[in-house]
Amino acid sequence: MNRGMHDEYRIPPEESAPADEFRIPDELTVRSEFSAPAPENLVSDEYSLSYETVKNDGENGGRERKRRKMLLPLVSALAAASVIFASYDADFLGRDFLNSVIGVIYPTPSASAETADVSFPALSNLAPNGAIDGYGVLNEEFIRIQTDSDDLFIVAGSAWRYTDENGVQQHIPLSTVPGVSYDRDSNTLTLDNYSGQVLNVNIMGNGFTLRLIGDNRLEHLLVWGFHYGGSVKITGEGSLTVNSNMNYSTGILLTAELSQSCLMVDSGVRLESYGTDAAVMVHATSMSKAIYYLEPLALSGGTRRSGDYVLMSDNRYSSAYGNYRDYTIASDETGTPSKHVIFS
């Protein structure tokens, strides 16, 4: 429920507030890697393979930006060579560098042997901020647009407050962001030709929908579920590109936090995601399958994989507590997460 980040607006938790032992830090301040060895007793699931889950190393996105800056002269030279070769209808370099991300060269993913789904799963806890067994209603739901300088609430539960100049607690004000709108009746956030940094969503339920109009871009999509529901259905006739500058280790990250949560991509959408470690990750969900996309969409860049271990907050692997698992789009048969995927 996002206690690990930006809590300056939140009223103090009650004694019954849940513990944070299952949380992974927000990627605004913590990066992640898949370098840790997986437990020896990983078992395969319906996708036939297991993979390693996320490992935090405490670094931020500055390392990637410095590396890209250092590599810029080399990439520029290679790009020039690509242009010259192309003028003679030759591609001696084997790929088009002009269509690659500066500093991190990834060709457009090829189509995989994946088969699209005919429908989305039937989910519970569709509305935002419902009652959680053992905790009640927390009133900590939110939709936030985050940048380097701003933290704008589009939706905010009553637990999110600030203290005014008179020392009186006030409900955090909501913001109007051009190209972003929310309809509470349908639990739908619409992006209309929007370009921004981080879309951060907390306990908005498994019925939360992200509707796309036109061409939209985000640096990071982060969704939290905390024992209740942190799914997102991406729909509409538009497109969304996430993390194309490779500033985040994971482009699309659903931190289900031991809930029934999944990513659903509707037909008609074009979704593209990048990550220095993983383009897509669903963490600690109770779903037996957590990444869906409807026909006639095709998935390029990998195949869906899952593992049966989650990562604790102190960076130790621990039993996944029954059927809670992590899911990703894998680039190879060992389960290595793909760094660039496209649903189209």
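**Entry 1: Phe343.** I looked up the neighbours of Phe343 and found that this residue touches Val265, Val269, Arg270, Leu271, Ile291, Tyr293, Ala298, Leu299 and Ile329, leaving aside residues up to four places away in sequence. Contact here means heavy atoms within 4.5 Å.

**Entry 2: basis.** I note that the model is predicted: local features need pLDDT of at least 70, side-chain atom pairs count only at pLDDT 80 or more, and totals for chains, interfaces and linings use all residues. Residues are numbered from 1 along each chain as its sequence is written, and side-chain values use heavy atoms, with hydrogens and water left out.

**Entry 3: core.** I looked up the largest nonpolar core, which has 47 residues. Phe343 is listed with Ile143, Leu189, Leu199, Leu210 and Leu263 as the residues with the most contacts inside this core. A nonpolar core is a set of buried Ala, Val, Leu, Ile, Met, Phe, Trp, Tyr and Cys residues joined through side-chain atoms within 4.5 Å. Buried means under 20% relative accessible area, exposed over 50%, and partly exposed in between, with a 1.4 Å probe and protein chains only. In soluble globular proteins, nonpolar side chains tend to be buried together.

**Entry 4: whole chain.** I recorded 1 helix and 25 strands. Helices (H or I, at least four residues) and strands (E, at least two) are DSSP runs, numbered from the N terminus. Of the 344 residues in the chain, 54% are buried. Among contacts with a separation of 6 or more, 68% join residues 24 or more positions apart. The chain exposes about 15,000 Å², of which carbon and sulfur atoms supply 50%; the area comes from the Shrake-Rupley method with a 1.4 Å probe, and for residues only the protein chains shown count as cover.

**Entry 5: sheet.** I traced an open sheet of 5 strands with mixed pairing, in the order β11-β14-β17-β25-β20. Its edge strands, β11 (215–218) and β20 (299–300), each pair on one side only. Two strands pair if DSSP finds at least two bridges between them. Strands β14 (residues 239–242) and β17 (residues 270–274) run in the parallel sense over 4 bridges, and Thr241 has Glu272 in β17 as its bridge partner.

**Entry 6: two buried residues.** I located Thr209 in strand β10 (residues 209–213). Thr209 counts as buried because its relative accessibility is 9%. Beyond four places in sequence, Thr209 touches Asn187, Thr188, Leu189, Lys233 and Thr235. I then found Met281 in strand β18 (residues 278–285); Met281 is buried, at a relative accessible area of 2%.
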